[in-house]
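Work through the exercises below with the sequence and the model open side by side, and try each task before reading its solution.

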Amino acid sequence: MYAMVFAVEEINRNSRLLPGVKLGYRILDSCGRHPWALKAALTLISGSTPTCQSESAANWGTTQVAPVIIGAASSTTAIILSNFLAPLSTPIISYLASCPCLSERAKYPNIFRTIPSDVFQSRAMAQLAIRFKWSWVGAVIVDNDYGHLALQVFQKEIKGNGICVEFISLVTRETIKSDAKAAALTIQAATARVILIFCWYTDVREVFIQLAKRNITGRQFLASEAWSTSEDIIGNVDLLTVANGVLGVAIRSAEIPGFENYVRRLHPSQQPHDEFLREYWEREFGCTPLSSSSSPLPPCTGTESLHGVHSHFTDMSQLRVTYNVYLAVYAAAHAIHSLLSCPNTEASVTTSNCSSPQNITSAQLLQSLNKVNISMSHGEWFGFQGADIQPKFDLVNWQKTPEGSLRLVLIGRVDGFDIDLNETAIQWNTGSSQVPVSVCTMSCEPGTRKAIRKGEPVCCFDCIPCGDGEISNKIDSLQCDRCTLEFWSNPARTSCIPRQLDFLAFNETLGITLTTVAVSGAVVTTAVFVVFLYYRQTPVVRANNSELSFLLLVSLKLCFLCSLVFIGRPSFWSCRFQQAAFGISFVLSVSCLLVKTMVVLAAFRSARPGSETLMKWFGPHQQKGSVGFFTTIQIIICIVWLCVSPPEPHVDLGVQGSKVTLECAMASVLGFSLVLGYIGLLACTCLLLAFLARKLPDNFNEAKLITFSMLIFCAVWVAFVPAYVSSPGKYVVAVEIFAILASTYGLLFCIFAPKCYIILLRPEKNTKKHIVGR
């Protein structure tokens with residue numbers, strides 16, 4: 001009220017604004033009731049005198065019609081007044097009606113306001129939630145248009161930013177006690193640590209009382225402008241633990257130059273009809289300022305003054321609604337000034353577009369208000385954009401003082417969509433300088449991806465680690481990206497790293513094992529060779545074709561040693577040599593066994609009448625020639641294979657894992673098949689002949705030994721084929737080496753172990769008589 005009076009008097013003293021014209025005013029109290037507000041408005045526009053104040057009507061001078069109404073302290077009141085006064089084109093400038101609905105110019109053409117719409121404070125609160133990454137919030141709202149519209153705007157602003165509202169608790173003025181209790185229980189049960197409250201301060205006080213009763217702390221409250229500056233809650237020490245750290249959007253505050261001195265100079269003796277000032281004086285100083293007053297208090301001395309008083313009334317640090325009233329008066333004054341200003345000052349009133357003070361109508365003033373664009377004395381630009389002004393807010397924080405009370409601290413400002421915030425100055429409810437965390441699920445770290453839980457809000461999710469070969473390098477990634485073939489994911493699944501070349505190396509466990517087994521086989525073969533060489537004149541050695549036995553031992557040693565060629569990093573020459581060495585060594589071994597078997601059969605056949613000439617075909621030279629012939633065929637196959645389409649080192653990118661296999665790729669499967677097939681043909685032929693000769697009469701029938709050795713040989717290589725095809729990476733090579741070693745050991749022990757046993761341990765059986773037997 002005093003801000004309005006001060007503004008009018010300041011304008012009247014201003015020689016540049018409305019020169020020669022004095023503004024007047026009438027102030028009527030609606031007591032916060034809609035019927036009274038409507039009655040007061042009709043009184044102002046009709047120029048009549050309200051009966052309740054008729055005794056002081058003479059002090060107003062000549063009663064005139066008010067062309068503009070500054071008022072409507074609530075949105076509901078503003079709507080009612082607009083509906084009644086819009087047909088009369090009477091402009092209404094509200095300083096506190098913030099409903100977004102009032103921005104609809106078609107429905108409310110005569111409404112102006114110096115307070116921003118609630119849309120903008122909801123946007124500001126949504127921006128705070130986004131800025132501090134509060135993705136899981138709760139909401140307590142009053143069950144009317146104010147609460148529901150504010151929450152709708154908030155939800156619209158946070159859409160697409162990964163923020164969810166866990167709960168919405170409604171409170172109603174008529175049932176506030178039970179509603180406040182229910183809201184407190186909901187807050188207690190919820191996991192959200194940031195609570196948004198769109199309520200009137202009396203409702204919030206009841207909610208806080210219920211929270212304090214249950215010692216529910218650790219919640220960060222976001223306050224709307226309806227209660228963010230409420231002294232009724234800030235000054236209540238019982239609510240300190242609950243209310244500490246409140247972060248709120250408040251009506252912007254500003255300084256009104258000279259207003260503090262004006263207020264402190266007020267004295268009841270200068271305004272004897274001011275009932276408010278008299279009552280305030282009596283409460284502040286404990287005396288009555290007027291001698292005619294019926295107050296039981298003693299009369300004042302006259303020396304009392306507001307200059308030394310520190311109270312809410314004299315505190316000019318939080319001029320919020322007060323400043324809105326101040327702006328409203330200046331808006332009206334500039335609109336009138338615009339109507340009274342003539343383009344041509346020398347032109348007469350009758351020929352110009354300007355009006356006289358007596359002829360200004362509400363309709364003219366309404367049009368002029370739409371064009372108001374002024375600069376205040378302290379440098380602020382001000383103008384209406386439809387019904388609204390440029391949205392500006394203060395960001396305030398309730399902070400605990402050393403004395404144990406709460407104080408309101410300005411921590412930032414909102415200007416349109418821009419937020420200027422001093423985050424380091426914020427005191428959070430938790431008492432920590434760290435921003436409170438309010439999430440349904442903690443953010444997914446790099447290396448994982450978000451997986452929404454079925455039937456739950458998008459803010460509640462599981463963090464699933466990326467699979468092998470996949471990465472995510474940012475927080476809350478929705479998917480994992482697969483690495484290219486040349487790369488693989490690191491252990492943390494955050495980046496792709498080049499895949500390591502993998503091959504069967506000599507220095508790894510498997511390579512060491514196979515090398516040891518191969519070398520051991522070669523050593524044992526050499527030992528057997530030495531034993532046979534030492535006892536070469538004994539019947540056991542001589543009876544079984546000693547020359548082929550020595551050649552067989554040499555070929556078996558080559559088989560053991562050729563397996564070593566498969567171990568190590570594949571190269572251009574190793575890939576060609578390993579398969580050729582393997583194929584030729586084994587053909588040499590099997591050829592020796594085949595010829596030995598054929599010799600045995602021929603020997604017993606020649607013992608029959610008429611078959612004396614059969615052994616001519618199996619003399620020593622023919623035996624060596626047969627082995628050479630069979631081996632030469634394999635050599636020719638290998639030469640043609642290696643010349644046409646040889647194996648070459650190849651990186652197998654199809655193998656999954658951080659390592660990529662470097663192998664000798666078979667460019668021609670046919671060549672490898674011919675090598676194996678020829679070995680198999682000789683082995684099967686040898687097995688068949690040995691099987692036929694197994695029962696020939698002899699105490700030491702070598703055909704039996706060859707039969708067993710060929711059975712083991714064929715079994716190993718039949719099992720080799722599926723194992724070779726299904727083995728991954730370097731284990732393909734290991735399988736082939738194992739088959740080589742297993743079959744070679746089978747041949748060595750089956751053929752030579754019984755002979756070595758007789759030679760070394762049973763020498764009494766190493767006689768011609770025992771060997772020939774029957």
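A residue counts as buried when its relative accessible area is under 20%, as exposed when that area is over 50%, and as partly exposed in between. The model used here is predicted.

**Exercise 1.** Determine which residues of helix H14 are buried, and what covers them.

*Solution.* Begin with the element itself: H14 runs over residues 509-534, and its 26 residues reach 37 Å from the first C-alpha to the last, close to the 38 Å expected at 1.5 Å a residue. Next, apply the cut-off of under 20%, which in H14 gives Gly 511, Leu 514, Thr 515, Ala 518, Gly 521, Ala 522, Thr 525, Val 528, Val 531 and Phe 532 as buried.

**Exercise 2.** Classify the ring pair formed by Trp 281 and Phe 285, and state whether each residue is buried or partly exposed.

*Solution.* A search of the whole structure finds 32 aromatic pairs. In the pair of Trp 281 and Phe 285, the ring centres are 4.8 Å apart and the planes meet at 45°, so the pair is tilted. Both residues belong to helix H11 (residues 275-285), where they are four residues apart, about one turn of the helix. Trp 281 has 0% relative accessibility and therefore counts as buried, whereas Phe 285, at 26%, counts as partly exposed.

**Exercise 3.** Find what lies over the rings of Phe 461 and Phe 572.

*Solution.* Over the face of Phe 461 lies Lys 450, at 4.4 Å from the ring centre. For Phe 572, the charged end of Arg 576 sits over the ring, 3.6 Å from its centre.

Methods
Residues numbered from 1 in each chain as written. Predicted model: local features only at pLDDT ≥ 70, side-chain atom pairs only at ≥ 80, totals over all residues. Heavy atoms only, no water. Phe/Tyr/Trp six-rings, centres within 6.5 Å; stacked < 30°, edge-to-face > 60°. Helix = DSSP H or I, 4+ residues; strand = E, 2+ residues; numbered from the N terminus. Buried < 20%, exposed > 50% of the residue type's maximum accessible area, 1.4 Å probe, protein only. Lys NZ or Arg CZ within 6 Å of the ring centre and 35° of its normal. Expected span 1.5 Å × (residues − 1). Contact = heavy atoms within 4.5 Å.
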